[in-house]
Amino acid sequence: MRIDARLALLGAVSPFVALPAFAQQAAPAENARIDDIVVTALHRATNVQETPLAISAIGGEALTNQGISTSDGLAKVAPNLVIRENANGGSRIIIRNIQSSGEPTVGLYYDETPITGSTGVGNDAGGTTPAVRLFDVERVEVLRGPQGTLYGASSMAGTVRLIFKKPNLTQFEGEVSGQLAGIAHGDLGYNAQVALNAPIVHDKLGVRAVGFYERIGGWLDNSVLGLTNFNDSKSYGGRLLARYQPNDDVTFDALAVYQKREGYSGLWDYKKYIDTGVRYDQTLDTVTPQTDEMQLYSGTLNWDFSFATLTAIAAYSKRDLAFSFNYSPYFRRASVTAPGAAGCLRYFGLPVGAGAKCSTAQVAEYKQDYIDPFLPAPTYQPQSTKTWSQEVRLAGGERLKWTLGFFHSKRRNFVRSVITQTTPRGEIIFPITPFFDRTVDDTLEQFAGFGEFTYEVIDGLSVTAGLRYFDYKKKTTSEVLVGNLVVGNEPSPASTNRASEDGTILNFNVNYKITPDVMVYASATQGFRPGGVNQVVGISDDQAAYAGAYQSDSIWNYELGVKSSLLDYRLTLNANLFQIDWNNMQVRATANNGSFAFVTNAGRTRIRGVELEAIGRPIDGLTLRASGSYTSARLRGNQIAVPGVTISGAGLDGDYVPLTPKYTAQGSAEYVFPVSDTLEILTLADIGHIGSSWTEFRRDPTRDYQLRIPAMTVTGLRAGVQSSDGNWGIYAFVTNLFDVTGVVNKSRGASIGGDDPRGLSVNAIAPRTIGLNFRKNF
């Protein structure tokens, strides 16, 4: 069997080689080589090996073979991409170690539509990026480095583009797949997925419908509430695509997406694990449910005018995220420290100041009458995010290629944060009786105009220059409806704060083809993300002056790279070196003993690194893939705080940026061999490594187990039988083969033990999972 047929079936796990269908607006290149893939990262069709930037392209079959079912799993197949799960729903996507609170540093696109997280009460939209279901996928493109010219705000570290299969206008087709999997230390899970394509008017109108349902078995216990494997989750949804193509020049795509997940926070007690060796125990006196529901509707018009192509996109999305976390430790700490606590003094109407204390009798009364009725004390935070976006661009040219465009978006996020009551089983009682109640109404509106030009000076030598003008406006209205003495917020009327900023970002690139199969490039690119304004009710005036408006932060990325295909295309090597200067960083800060979180600007960072990618095919049927990165992100200068405000783990000159590993590495060996004229065997082994990192800027060896996230290496195996024509396959697989306790994030603070220096919870990857799955095309 030919190598290209096998790779077309299997897809390309390599971050830079894949064989999905070409983009819908791009005609396939003649005499396409085995390692070609057409991407549209530059808003025009280019071969991935001839695209002069660090880009990883992953085919749909490759995602299936690696067991990647949502966008959260993409770190397995792209270098220098790290995804940190958030305990309260969603994830933070990190590229090249650029990560901090605030707006996303990496743009996530569902086809042509940007997807963002919910800002929450702490203005941290970047930490709640939703996971998108990856089924019936054409390809995924991971662009590393700033993409500010073409993709704008929140793509200052890179962009992830999820490109889904579009309707086939000429034939009926479909795919069905299913899976059964058992999790070590936990329960069974299963999923089912189906895709159906139907031409309505031959060669003119077609629709494609996708649906899925998944149940993931639980593996967390709660010894306090007597729960076993309680964190099972279910997700379901689908998408409907319609394509209308009245002639060869005009194509209109309509898209509707719905997905919903219901589950629980994955936090568990790391202190107990260190002390006793017991894993996966969530030692809380309340349960921690989550729901995450997303809807997306968009329309995309492509009109070829011969001299240029007009693309117009309009989209609307709505996301409803609700979660609960436990605040009982904060109240219990308040009762212990009550003699000097401001809450006790306020409860008895005493002046708050240095040395002021309640009497022993007052402490007992305060605890019995005010604090104990709150316990258990869950915090419930429902939030709704609505986003409207529009983009119009015109692209054309041959020797001089150009793109001009306009972008507008408006996002409104409404959050309610309530401390309330529970049942004896730790479940929130509805309707809610609030012991504390505040709301935040946040609006971000952005306008941008952009242009990018590429000129082929001589054959093989091209230069690119781009510019984007941005203008954003941020408005935040916050209100405390019900105050709480322990939290430190009194009832406050609605207060509105505004911020705005405009500016430009630039992009320069030079690339040269030394030979038809070897290209070098050099670039200097700029990226930014919007600033904004925090909600400041319930804190002092001096804190509000510091915590109110915050500015955008930006980076310059300087990069040298080479892309090469060698040995008659049996070996492909890509490499790049980069330096990033990150200025005016947005960082997380806290006030009121950690009960109030906000974003401010503090510090600058220099990031230096190298990325390597390789694929080899030494014999027919055997494909070896490897990629990795070394990236060092360190502060240049001290971060500065003011009285009453704490920059979380404020760093000193030379400290490493939190949650950013120096090393990442991925590798796989895939072998496909025929056993008959119609059957073949697939075997695949993959391994991924993420180096250690720190949860705060300031490293402290005496608190190593708290602040250091250990390195992890995770291995997977897959084997099965499939038809030679790619129509069906049955496979057995195992993920996390050695049952590694892979810590993704650690949490301390008010809701995790309060001031207890050993109070600590973690999110970790799922334990070893063994399963079977099948697929059938028709």
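Which residues in α5 are buried? In this predicted model, the buried ones are Ser 328, Pro 329, Tyr 330, Phe 331, Arg 333, Ala 334 and Ser 335. The helix itself spans residues 328–336, and with 7 of its 9 residues buried, it is largely enclosed by the rest of the structure. What do those buried residues pack against? Their partners are β17 (308–326), α7 (360–371) and β19.

Let's follow β19 first. On one side, β19 pairs with strand β18 (residues 378–396) in the antiparallel sense, over 16 bridges. If you want a spot to check on screen, look at Arg 393, whose bridge partner in β19 is Gly 405. The hairpin of β18 and β19 has 3 residues between the strands, and there Gly 397 takes a positive phi near 100 degrees. β19 also pairs with β20, again in the antiparallel sense, this time over 20 bridges. Here Val 418 stands opposite Asp 437 in β20.

These two strands, β19 (400–419) and β20 (436–458), also take part in a surface feature: each supplies at least two residues of a nonpolar patch. The patch is made up of Leu 400, Leu 404, Phe 453, Tyr 455, Val 457, Ile 458, Val 463 and Val 510, and together they have about 640 Å² of accessible area. β20 gives the largest share, 4 residues. From β19 comes Leu 400, which is partly exposed at a relative accessible area of 40%.

Now for the inside. In soluble globular proteins, nonpolar side chains tend to be buried together. The largest nonpolar core here has 45 residues, and Leu 74, Leu 81 and Leu 162 have the most contacts inside it. Take Leu 81 as a way in: setting aside neighbours within four places in sequence, Leu 81 is in contact with Leu 74, Ala 75, Ile 93, Ile 94, Ile 95 and Val 142. There is also a second, separate core of 23 residues, which includes Tyr 327, Ala 334, Val 363 and Val 480.

On to the charges. The model has 36 salt bridges. One of them joins the side chains of Arg 144 and Glu 611, at 2.9 Å from N to O. Arg 144 lies in strand β8 (residues 137–144) and Glu 611 in strand β30 (residues 605–616), so this pair ties together parts that are 467 residues apart in sequence. Are the two partners buried or exposed? Arg 144 is buried, with a relative accessible area of 2%, and Glu 611 is buried too, at 1%.

Two other salt bridges are worth a look. Lys 473 pairs with Asp 471, with the closest N and O atoms 3.2 Å apart, and Lys 473 is partly exposed, with a relative accessible area of 43%. Salt bridges that share partners also build a network, joining Arg 96, Arg 144, Glu 559, Glu 611 and Glu 613. Then there is Lys 272, which forms a salt bridge with Asp 281, the closest N and O atoms being 2.5 Å apart. Lys 272 is partly exposed, at a relative accessible area of 24%, whereas Asp 281 is buried, at 4%.

Where does Gln 282 sit? Its place is in the loop between α4 (270–276) and β16 (289–304). Gln 282 is buried, with a relative accessible area of 2%. Beyond its neighbours within four places in sequence, Gln 282 has contacts that include Leu 220, Asp 221, Asn 222, Phe 230, Trp 268 and Thr 288.

Strand β34 (residues 679–690) and strand β37 (residues 712–723) pair in the antiparallel sense over 12 bridges. β37 is also joined by 6 bridges to strand β38 (residues 728–735), and that pair runs antiparallel as well. Gly 720 makes a handy landmark: Leu 682 stands opposite Gly 720 in β37, and Gly 720 stands opposite Tyr 731 in β38. The hairpin of β37 and β38 has 4 residues between the strands, with Gly 726 at a positive phi near 80 degrees.

Definitions and conventions:
Residues numbered from 1 in each chain as written. Predicted model: local features only at pLDDT ≥ 70, side-chain atom pairs only at ≥ 80, totals over all residues. Heavy atoms only, no water. Salt bridge = Lys/Arg side-chain N within 4 Å of Asp/Glu carboxyl O. Buried < 20%, exposed > 50% of the residue type's maximum accessible area, 1.4 Å probe, protein only. Patch = residues over 30% accessible without salt bridge, like charges linked within 9 Å, V, L, I, M, F, W, Y side chains within 5 Å. Areas by Shrake-Rupley, 256 points an atom, 1.4 Å probe, with all protein chains shown as cover. Pairing = 2+ DSSP bridges. Core = buried A, V, L, I, M, F, W, Y, C linked by side-chain atoms within 4.5 Å. Contact = heavy atoms within 4.5 Å.
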